[in-house]
Amino acid sequence: MKIKGIEELRFGVEDIEQARQFLSDFGLAPGISDVQDAVLFHTQNQSRLYLYDKHDSRLPPAFEDGSTLRTLVWAVEQASDLDALAERLADVPGFARDADSVSCLDPNGMCLRFQLSTQVAVELIVPGINQHGDIRRVDAPSPVYDRARPIGIGHVVFFVEDLDGVEAFYREKLGFQVSDRYIGKGVFMRASVEGHHHDLFLLRVPNKPAGLNHVAFTVRDIHEVIGGGMAMNRKQWSTFIGPGRHPISSAYFWYVNSPLGGAFEYYTNDDYLTAAWQPRTLEHSLELFTEWAVEGGLDGNTRRQVVTGG
Ligand SMILES: [Fe+2]
């Protein structure tokens, strides 16, 4: 059984038009929705994001108030993977099986669905970085992007109360691997033995109930992280934090506050792990979360840090 990564996100939102504008500005491509009254966007690799009205009866119950993620769809490669999942998940609350999918609730209250992947390979020109002893770009300038075009849905981060219980579910029922952990505070997990640093991060914050922290989208390089974040600033969307870099996964990031709930993240250059990786158990610290970061973002016009508070 192999879970490939995130295939689709279904959000229930309070204001579909505002959410539609946000996704368009974020760089997702509008699609022709096959679901009545639901709005469809997709990434370059054809992963999907659906917007529903938050009261739409076709959505499962929400795990928090307001606009938020209602269903997280994971991709599998073959029909036999669905059979294997159906066997493993048969005793899990919310379990259902149909011809095309398996679904259940995770212990945090999120509806999970498993489907065959329809993602496509994306080939892009990604100019290299020139570093000492490793010249990858010759007779060519380094790019500047005026906006981002996310390639795929990279990871999801949930607030959880029962960190151990939720982690155990993903490990034991779904075969997720622990990449790194913050003692008592969070666990980074990847769906496959070999893959990017995390597809899922479970975060425990005192007195914070279950909910969505952020969803993250991959872009080709750090320049597209910067171009995307500044484009969102020019469109008047607010930055939560970014740009910056996480030592814990090595990724460059930029988080934008989202009207869909939580934040949306552009990121790139995260670690790629195999069976040889030894998970680290670490005390959470500011230095691990951020090597450096800009609070409030960069202004898309002045190209300087956003000045707040007059
Ligand atoms: Fe993230």
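Keep in mind that the model is predicted.

Domains to begin with. The contact between them involves 33 residues of domain 1 and 29 residues of domain 2.

What builds the side of domain 1 that touches domain 2? Two strands and two helices each supply at least two residues: strand S1 (3–13), helix H1 (16–26), strand S5 (68–76) and helix H2 (79–89). S1 gives the most, with 7 residues. By class, that side of domain 1 has 16 nonpolar, 11 polar and 6 charged residues.

Now to strand S11, residues 186–190. Why call S11 largely enclosed by the rest of the structure? Because 5 of its 5 residues are buried. Both faces are covered. On one side sit Gly 186, Phe 188 and Arg 190. On the other sit Val 187 and Met 189. So a charged residue, Arg 190, is on the buried list too.

S11 has pairing partners. One is strand S10, residues 177–182, antiparallel over 5 bridges. There, Val 178 stands opposite Met 189. S10 and S11 form a hairpin with 3 residues between them. In that turn, Gly 184 has a positive phi of about 70°. Another partner is strand S13, residues 200–203, also antiparallel, joined to S11 by 4 bridges. Here Val 187 stands opposite Leu 202.

Next, strand S15, residues 239–245. Thr 239 stands opposite Val 256 in S16. S15 and S16 form a hairpin as well, with 6 residues between them. Ser 250, in the turn, has a positive phi of about 75°.

S15 also pairs with S20, in the antiparallel sense, over 3 bridges. Arg 245 has Trp 292 of S20 as its bridge partner.

That brings us to Glu 295. Glu 295 lies in strand S20, which covers residues 292–295. Is Glu 295 buried or partly exposed? Partly exposed, because 13 other C-beta atoms lie within 10 Å, and buried would take 20 or more. What about Gly 244? Gly 244 and Glu 295 are 51 residues apart along the chain. Their C-alpha atoms are separated by 9.0 Å.

Notes:
Residues are numbered from 1 along each chain as its sequence is written. This is a predicted model: local features need pLDDT of at least 70, side-chain atom pairs count only at pLDDT 80 or more; totals for chains, interfaces and linings use all residues. A residue is buried if 20 or more other C-beta atoms lie within 10 Å of its own, exposed if 12 or fewer, and partly exposed in between; C-beta atoms are placed from the backbone. Two residues are in contact if their C-beta atoms, placed from the backbone, lie within 7 Å. Two strands pair if DSSP finds at least two bridges between them.
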